[in-house]
Amino acid sequence: MPDGFLNAPTSLATGAVAAAGLALALRGARRELDGPTAPMAGLVATFVFAAQMLNFPVGAGTSGHLLGGALAAVLVGPWTAVLCLSVVLIVQSLLFADGGITALGTNITLISLVGVLVGWAVTRVLLAMLPKRVGVIAPAAAIGAFLSVPTAAGVFAALYALGGTAPLPFGSVLTAMVGWHVVIGLGEAAITGLVVASIVGVRPDLVYAARPALAARPLQLATAPR
Amino acid sequence: MGAPHGHRLHFHTHSPVHAMAAHLKVLALVGFMLCVVLTPRTWLPAFAGYLAALLLVISVSGVPLRYVVPRMVVEVPFLAFAALMPFLSAGPRIEVLGVAMSRPGLEAGTALVIKGSLGVLASLTLAATTEPHELLSGLRRLRVPAALVDVMAFMLRYLDVVTDELRRMRIAVDSRGFSARSPRHWAVLATSLGALFVRSYERGERVHRAMLSRGYER
C-alpha cells in the first residue's frame with residue numbers, strides 16, 4: 001500500500017499498533033527460537049522475501065505470489081513470523097521503495113499482525129481438534145492461510161471507513177476487498193498447503209506447528225530381518 | 001562468496017545527498033511524507049512545491065532521472081485502484097469527457113496518485129543514495145530496538161545468497177525441461193520453496209553456531 005491511502009491520524013494510529021505488535025513479537029520470538037534470535041529470524045525473513053519473489057502462474061499470462069503470513073507462522077511460530085514479515089515490509093519500504101513510509105504501520109498491522117495471527121489462530125484451533133499427526137498440518141495451514149487473507153482485507157475496509165481519503169461506501173469497499181481477496185486466499189491456501197506438506201515430508205522437526213505431533217509420536221525401533 | 005556492496009536500487013556516485021547521515025535521511029523522508037499526507041487534496045500548488053523540492057534533491061544527488069522514473073513501476077497496481085475511485089465513490093456526479101463520475105471520488109483518486117507518486121519518488125531517492133549498512137547504522141542511531149536492527153542486518157546480509165539459491169533451483173528445474181504455465185505446476189514450485197526454507201533454516205543454524213563459537217552473546 002502506498003502513501004496517501006489513509007489519512008495521517010489513522011496512519012499514526014496503525015503505526016502505534018504496529019510498534020506495540022513488534023515489541024510483543026521481539027519478546028515472543030526469543031521464546032519460540034529458544035535464545036538468541038537474530039541470525040535465525042534474519043534468515044527466515046530472507047526466505048519470506050525470496051518466497052514472495054517467486055511467481056506462481058495463474059494462467060492467461062497472469063501470475064500471483066505468496067504473502068506468506070500463515071506459512072511463516074506454521075513454520076517458525078507466530079511471533080517469529082510477525083517479526084520476520086515486519087522486517088521484510090520495513091526493508092521493502094526503505095530500500096526497495098515498495099510500500100509508502102507513512103503506510104508502513106498499516107502494512108505491518110494488516111499483513112504481518114492480522115495476516116500472521118489470524119492464520120496461526122485458525123491453524124492452531126484446527127490442530128487442537130484434529131488427531132495429533134503430522135499429516136494434518138498442511139491442510140490445517142492451508143485453511144488458516146485461506147481465512148487470513150480476506151480477514152486482513154476486511155480489516156483494511158474497516159480502516160478505510162475510519163480514515164479513508166475517498167467517500168467510498170463501507171459496504172462496497174468491504175464487498176470488493178473481501179470478494180477479491182477470497183480469490184487471492186484460495187491461491188495462498190494452495191501454495192501454503194503444498195509448501196508445508198513438502199517440508200513436513202522431509203524435515204518435520206523444523207516445522208513449529210509439528211512440535212506437539214512429534215512429541216506425541218512414540219519412539220519406534222525397527223530392525224531389518226536377517 | 002562475498003556479498004556485493006549496495007543493492008538493487010542503490011546508485012553509486014558521490015554527492016552531498018549520498019554523504020548525508022542515513023538517520024537524517026530517514027527522518028527527512030518520514031517528515032516530508034507526513035507533510036504530504038497531511039496536505040489537503042485541494043492545495044495543488046503545495047504538491048507542485050513538494051515535487052520541485054524532490055526534483056532539486058534528486059538533481060543534487062547526481063542520480064539521473066532516467067534511473068529513478070522507470071523504477072516507479074512498483075506503484076502501478078495502485079494506479080489501477082485510484083482509476084476506479086471516481087466510478088465507485090458516492091457524492092455529486094460530474095461529466096468528464098462525456099463520462100459520469102463522482103466529483104469527490106475524482107478528487108480523491110487524483111490526490112492518491114499525486115501523494116502515492118511523491119511517496120515512491122521520495123523513497124526511491126533514499127534507496128538510491130543510501131547503502132544498506134548505512135541505513136542500519138542510521139536506524140540504530142534513531143533508537144530502533146537493537147534486536148530488530150540485528151534481524152534486518154542478517155536479512156540484508158543473506159538476501160543475495162538466498163535469492164541466488166532460489167535462482168539456481170529454478171535454473172535446475174528449467175534445465176530439466178520444466179516450465180510453469182498453470183496452477184497444475186504449483187506443486188513443483190512449492191517443493192522448491194520447501195527446499196529453500198530447509199536450506200535457509202539450516203544456514204541460519206550454521207551462522208548462529210559459527211557466531212557462538214566466536215564469542216557472540218545476544
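How many residue pairs in polar contact does the rule find across the interface of chain B and chain A? It finds 2, both at pLDDT 80 or more. A polar contact is a pair of N or O atoms within 3.5 Å; within protein, one must be able to donate a hydrogen and the other to accept it, and residues adjacent in sequence count only if both atoms are side-chain atoms.

This is a predicted model: local features need pLDDT of at least 70, side-chain atom pairs count only at pLDDT 80 or more, and totals for chains, interfaces and linings use all residues. Residues are numbered from 1 along each chain as written, chains are lettered from A and ligands numbered from 1 in written order, and side-chain values use heavy atoms, without hydrogens and water.

Chain B and chain A bury about 6,100 Å² between them, as accessible area (1.4 Å probe) lost on being put together, summed over both. Carbon and sulfur atoms carry 83% of it. On the chain B side, Met155(B), Trp186(B) and Phe197(B) lose the most area, together 13% of what that side buries.

The interface holds 1 salt bridge, meaning a side-chain nitrogen of Lys or Arg within 4 Å of a carboxyl oxygen of Asp or Glu. Glu202(B) pairs with Arg203(A), closest N and O atoms 2.2 Å apart. Arg203(A) also bridges to Asp205(A), at 3.0 Å.

Elsewhere, Arg203(B) and Glu165(B) form a salt bridge at 3.4 Å, N to O. Both are buried (under 20% relative accessible area; exposed is over 50%, partly exposed in between; 1.4 Å probe, protein chains only): Arg203(B) at 14%, Glu165(B) at 9%.

How values were computed:
Buried area is the accessible area (1.4 Å probe) that two parts lose on being put together, summed over both.
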